[in-house]
Amino acid sequence: MSYIARVYADLLRKGGKTIEDVPENLRNEVQQLLSQEEKKGD
């Protein structure tokens, strides 16, 4: 996973951004990061 995708994922978690704010070429990667974290939290 790229560094910038992790930054966007962190911003989404904190409520500073929405998925629409993430550049299209990074959205899939960011969504994967967030879903992996959700699975860890279960």
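A crossing of two helices is called right-handed if the near helix is turned clockwise from the far one by less than a right angle. The legends below use that term for a predicted model.

Figure 1. The chain holds 2 helices and 0 strands, and its C-alpha atoms fill a box of roughly 30 × 20 × 15 Å along the principal axes. Of the 42 residues in the chain, 21% are buried. Among contacts between residues at least 6 apart in sequence, 41% join residues at least 24 apart.

**Figure 2. The crossing of H1 and H2.** Two packed helices are described by the angle between their axes and the distance between the axes. Here the axes of H1 and H2 come within 9 Å and cross at roughly 60°, which makes H1 oblique to H2. In the sense defined above, H1 passes H2 in a right-handed crossing.

**Figure 3. The residues through which H1 and H2 meet.** On the H1 side the contact is made by Ile4, Ala5, Arg6, Tyr8, Ala9, Leu12 and Arg13, and on the H2 side by Leu26, Glu29, Val30, Leu33, Leu34 and Glu37. Sorted by class, this contact of H1 with H2 has 9 nonpolar and 4 charged residues, with no polar residues.

**Figure 4. The largest nonpolar core.** In soluble globular proteins, nonpolar side chains tend to be buried together. In this model the largest nonpolar core has 8 residues, namely Ala5, Tyr8, Ala9, Leu12, Val22, Leu26, Val30 and Leu33. Helix H1, spanning 3-14, and helix H2, spanning 24-41, each supply at least two residues of this core, and the largest share, 4 residues, comes from H1.

**Figure 5. The surroundings of Val30.** Which residues is Val30 in contact with, once its neighbours within four places in sequence are left aside? Val30 is then in contact with Ala5, Tyr8, Ala9 and Leu12, and also with Ile19 and Val22.

**Figure 6. Glu20 in the loop between H1 and H2.** Glu20 is found in the loop between H1 and H2. Is this residue, Glu20, buried or exposed? Glu20 counts as exposed because its relative accessibility is 56%, and the term applies to values over 50%. Between the C-alpha atoms of Glu20 and Ser2, which lie 18 residues apart along the chain, the separation is 18 Å.

Conventions:
Residues are numbered from 1 along each chain as its sequence is written. This is a predicted model: local features need pLDDT of at least 70, side-chain atom pairs count only at pLDDT 80 or more; totals for chains, interfaces and linings use all residues. Side-chain values use heavy atoms; hydrogens and water are left out. A nonpolar core is a set of buried Ala, Val, Leu, Ile, Met, Phe, Trp, Tyr and Cys residues joined through side-chain atoms within 4.5 Å. Buried means under 20% relative accessible area, exposed over 50%, partly exposed in between (1.4 Å probe, protein chains only). Contact means heavy atoms within 4.5 Å. Axes are lines fitted to C-alpha atoms, for helices over the stretch in contact, and angles run from 0 to 180 degrees between N-to-C directions. Angles under 35 degrees count as roughly parallel, over 145 as roughly antiparallel, 65 to 115 as roughly perpendicular and the rest as oblique. Ala, Val, Leu, Ile, Met, Phe, Trp, Tyr, Cys and Pro count as nonpolar, Asp, Glu, Lys and Arg as charged, and the others, Gly among them, as polar.
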